[in-house]
Amino acid sequence: MDTGSPSGAVGRSGTGTDTPRRGAVGSARADRVTATRTSGAGTDAASGTRSGAGTAPSAGVSSGPAAGPPATGARGRLVAYARLAKFEFVLDYYLSMVVLWTALAGSVRFAPDTLTTLLLFLLGEVGVISAVMALDDVNGIRDGSDRANYLGTGGTPLRPLERKPLLTGALTVNQATRFGYLSLLWGAVFWTSAALAAPERPLWALVVTGLVLFAGFQYSWGLKLSYRGLGEVLIMGCPLVIVVAPYGFVTGHLPAIVLVQAVLFGLWQILVSCYSNTKDISGDAAVGRSTVAVHASARGNLLFIGALSAADLLLTVGASAVGWAPWWFFAALLPEMALRLRQFTSFSRNGDALLARRRGVVAFRTGVAGIVLANLIHFAS
């Protein structure tokens, strides 16, 4: 799974250190023909089957060359659980707090009830995101997709295996499942506390927070929404909500400029994830995960990514043009727009999804920096 976290991904995370898939965009379709069906220690078998959600043969949790000793000692277990939660890869999600905090009026930013509400929401966010990551890894072990995407023929590592403590044997499926449910409970408790402590509780903020709490962890678990064609919606929608919901709890309303920034925050997430999905077509197809990259032709997938990239640029410029943001707002995001154009045009030429993904990470962080700068200027008073 990849929810598009810029620093990595929810589940099949990576910062671009993987071996490039192939040099041409058309390779995505070629790989689809040899969709990996994983049984045992990551063997690659030619298969055109697009099985139902979770119906691929399950790879062993700690069998094969990827297996290692279980995590021992307090520090070892802490590191293993942090890797299960993809903590080092999802830090960019928490930049949502910086975006919305700088979008508050200067007199509101340091109010005690503001800081309390945002702190409680952030703690809940950590729990919810950790649950999504952990349960996605459990599903990835059970349906074989993680072994397909992380191990090549003969069990040769394709990506750094320490990112996957279930593949390495550092944690068991039971430990990871328990951690996922406890993290979800943690998130629910703190998000409820944030709503109770908030100075405002608009209905829309309560509803969208509840939707993310309910649907987010079911990307690969429970309803398995990413197997039903809703993966891209979640990848964009959840980051969008973690900007607007806490803003609503603090202010009680949602101005156009904040909504624009939240949509951009979500778009920038999926403009990392869609390249990961392109890289993972074979593994996703083998287990029935329904992504645009799996179902579309190579050209169709490229057009989809191009449409998302164009939406990014049009929204940024259009927000300034129609008055949703200050006229100079687009200027603060010119570096991000230049990086976005480079990301897409380079990918359309060489088809290197992992390079494009890395460039998406840089574009995301550059864009966030531009938004924060614009907010600090615009909301200075």
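Modeller: Helices (H or I, at least four residues) and strands (E, at least two) are runs in DSSP, numbered from the N terminus. The model is predicted, so local features require a pLDDT of at least 70 and side-chain atom pairs a pLDDT of 80 or more, whereas totals for chains, interfaces and linings use all residues. Residues are numbered from 1 along each chain as its sequence is written, and side-chain values use heavy atoms, with hydrogens and water left out.

The approach to the pair may be considered before the pair itself. K86 lies in the loop between helix 2 (73-84) and helix 3. Although K86 is not a glycine, its phi is positive, at about 55 degrees. K86 is also buried, its relative accessible area being 0%; buried means under 20% relative accessible area, exposed over 50%, and partly exposed in between, with a 1.4 Å probe and protein chains only.

Now to the packing. Two packed helices are described by the angle between their axes and the distance between the axes. Helix 3 (residues 95-102) and helix 10 (residues 231-251) have axes that come within 9 Å and cross at roughly 45 degrees. Helix 3 is therefore oblique to helix 10. Axes are lines fitted to C-alpha atoms, for helices over the stretch in contact, and angles run from 0 to 180 degrees between N-to-C directions. Angles under 35 degrees count as roughly parallel, over 145 as roughly antiparallel, 65 to 115 as roughly perpendicular, and the rest as oblique.

The crossing of helix 3 and helix 10 is right-handed, a term used if the near helix is turned clockwise from the far one by less than a right angle, and left-handed if anticlockwise. The contact (heavy atoms within 4.5 Å) is made by S96, M97, V99 and L100 of helix 3 and by I242, V243, P246 and Y247 of helix 10. By class, this contact of helix 3 with helix 10 has seven nonpolar residues, one polar and no charged. Ala, Val, Leu, Ile, Met, Phe, Trp, Tyr, Cys and Pro count as nonpolar, Asp, Glu, Lys and Arg as charged, and the others, Gly among them, as polar.
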